[in-house]
Amino acid sequence: MSRNLIVGLAVLVVAVLGWIVIDRMAENRAEVARIEAETVQAAQEAEEAARLAEEQAAEEARLAEEARVAEEEAAAAEEARLAEEARIAAEAEAAAEAEAAAEAEATTGTDAVDATAEAATDGTETPATAQADLATVLTPDGFDADALIVYVDESDMNAVAKTTLKAGIEQARDNPTLIPALLEQLRARLGVE
């Protein structure tokens, strides 16, 4: 073989080998690029999964907080309802006790009135029996100082009012000019028209 032919074959072999190496390098670069792309995609997917997990955890925490607040509000409402029921029951009990006391007092008052009526009908004539007609006693013609004093004593006025009216009656007994004004005052105090 000639030397030129050998050199030509060598150059050809080197060119073929060079081409093969370059082709392999291109394939390697494509593979590296593919791996890098897959790595980036995997990182993005992992980041997205982490973000979704964080959002889900935040949502679960929010729902748990809302449930806790709702439970506390329900407990407070129940407590308020029970307190209101207890207050209403206490008021009803107090009203029932007051009503019972009023009935007892009314019964006692009725017994006292019955006793007074019995005393008035026992045949003895006293100034209390002169109560037959308060309206008559409260007129200038029917003025009766003793009967009026009994009426004042038996009224439900306070002690100061009774003392003042009885003093006025005694003065009117001694001074008849005071009778009209006194009778008007007595009518108002005793509730007689």
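**View 1. Glu31, Arg34 and Glu38 are joined in a network of salt bridges.** A salt bridge is counted when a side-chain nitrogen of Lys or Arg lies within 4 Å of a carboxyl oxygen of Asp or Glu. Side chains of opposite charge can pair when their charged atoms come close. Over the whole structure, the search finds 15 salt bridges. The model is predicted: local features need pLDDT of at least 70, side-chain atom pairs count only at pLDDT 80 or more, and totals for chains, interfaces and linings use all residues. Residues are numbered from 1 along each chain as its sequence is written, and side-chain values use heavy atoms, with hydrogens and water left out.

**View 2. Glu48 and Arg51 form a salt bridge, 2.3 Å from N to O.** Both residues belong to helix 1 (residues 3-120) and are 3 residues apart, about one turn of the helix. Helices (H or I, at least four residues) are DSSP runs, numbered from the N terminus. Glu48 is partly exposed at 36% relative accessible area, and Arg51 is partly exposed at 35%. Partly exposed lies between buried (under 20% relative accessible area) and exposed (over 50%), using a 1.4 Å probe and protein chains only.

**View 3. A salt bridge of 2.5 Å, N to O, links Arg68 and Glu72.** In helix 1 these two residues are 4 residues apart, about one turn of the helix. Arg68 has a relative accessible area of 37% and is partly exposed; Glu72, at 46%, is partly exposed.

**View 4. Arg81 pairs with Glu78 in a salt bridge, with the closest N and O atoms 2.5 Å apart.** Both lie in helix 1, 3 residues apart. Arg81 is partly exposed at 39% relative accessibility, and Glu78 is partly exposed at 37%.
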